[in-house]
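Hi everyone, thanks for coming. Let me walk you through one model, with the picture up on the screen.

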Amino acid sequence: MIKIPIPINVYSNYEGYSFFIKLYNDLKDEEFKDVYLDFSDTAWFDANLCAVLGAIITEIKSNINNVYLINLKSKVEDVFSKNFFMASFGGSMIMDFNNTTIKYRRNKIDDEQLIKEFILFELLRKKKFPKLSNAVQIEIIRSIFEIYSNAVIHGNCDFVYSCGQFYPNNNPPRIDFTIVDLGKSIQKNVNEYLNADLNGKDAIKWALAANNTTKPISKNIPGGLGFKIIKDFVELNKGKIQIVSGNGYWEYSNKVESFRDFPKSFQGTIVNIEFNLDDTSIYHFKNENVNDIKF
């Protein structure tokens, strides 16, 4: 039996991602064990991070382990039930009448239409989401879908995990949307492509640079990480983007990029996008007629 205490607070920040990296590394080689994730002390868990926890739990279970979530406080368990996370692992499901959750999902990339509809209805049409023209909406959906597709193109994995949460009481109010895969990390991909030995943060930096991609030229699929449109939008929206991959961490907020290393590596990639909901702007492209915009 293995019992692991979950921290008092798990946020979408460097410390929160450090916990998940440690959790993954502590359990990735275990087999035929009963693993208990103990939430006794956990007062807060950013619900969008269910995407990360779900990916790790699924990986652990694939090694013929049993995983149990125990001693959840009612506030945490309610959110996990509303976003269907608990139901995905044999727990209960309750209705989210406040419409603050973005459901926990595990998708194959073949589910393109389902994923794009999920992004549209669960995220972009969430209450208080900034107003977007149809053209901007389509481009943001394409950009976010490219993050999903990178898990297959670059990460060589079968499934992508996602989840989100609306935080109306934050100042400013925000939506966080997290996408996770457990395929090849950006660090591993970039180093194999360049025949180099870059650390995680430098590999992410290379991958984010214009025109850089590890995609094979023969594949008729867009390259890069798919961040141009979404990064431009987040900059105007005063939101945030975070990437965790290998032992590298990148964050973009308030037009500032920051890079850090982790002591250990994460096998795949975590992307978290934070949208500022205290934003009354109407977003459209320059060549659009604003009077024709419909919401």
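This is a predicted model: local features need pLDDT of at least 70, side-chain atom pairs count only at pLDDT 80 or more; totals for chains, interfaces and linings use all residues.

Residues are numbered from 1 along each chain as its sequence is written, and side-chain values use heavy atoms, with hydrogens and water left out.

So, to the largest pocket. A pocket here is an open set of points on a 1 Å grid over the protein atoms alone, with protein on both sides within 12 Å along at least five of seven lines, and lining residues have an atom within 4 Å of a point. The space in the largest pocket is about 410 Å³, where a volume is the space filled by probe spheres set on the points, and grid points are joined across faces, edges and corners. Its lining has 18 residues, and W44, K75, V79, T100 and Q165 are nearest the centre. By class, the lining holds 9 nonpolar, 6 polar and 3 charged residues. Helix α3 gives the largest share, 6 residues. Helices (H or I, at least four residues) and strands (E, at least two) are DSSP runs, numbered from the N terminus.

Next, the sheet. It is open, with 3 strands in the order β1-β3-β5 and parallel pairing; two strands pair if DSSP finds at least two bridges between them. At the edges are β1 (2-5) and β5 (66-70), each pairing on one side only. Strand β3 (residues 34-38) is joined to β5 by 5 bridges, and D38 has I70 as its bridge partner in β5.

Now, how do α1 and α2 pack? Their axes come within 10 Å and cross at roughly 5°, so α1 is roughly parallel to α2. Axes are lines fitted to C-alpha atoms, for helices over the stretch in contact, and angles run from 0 to 180 degrees between N-to-C directions. Angles under 35 degrees count as roughly parallel, over 145 as roughly antiparallel, 65 to 115 as roughly perpendicular and the rest as oblique.

Last, helices α7 (residues 186-194) and α8 (residues 200-208) pack at about 70°, with axes 8 Å apart. That makes α7 roughly perpendicular to α8.

Definitions and conventions
On a 1 Å grid over the protein atoms alone, a cavity is a set of points where a 1.4 Å probe fits but cannot get out, and a pocket is an open set with protein on both sides within 12 Å along at least five of seven lines; lining residues have an atom within 4 Å of a point. Ala, Val, Leu, Ile, Met, Phe, Trp, Tyr, Cys and Pro count as nonpolar, Asp, Glu, Lys and Arg as charged, and the others, Gly among them, as polar.
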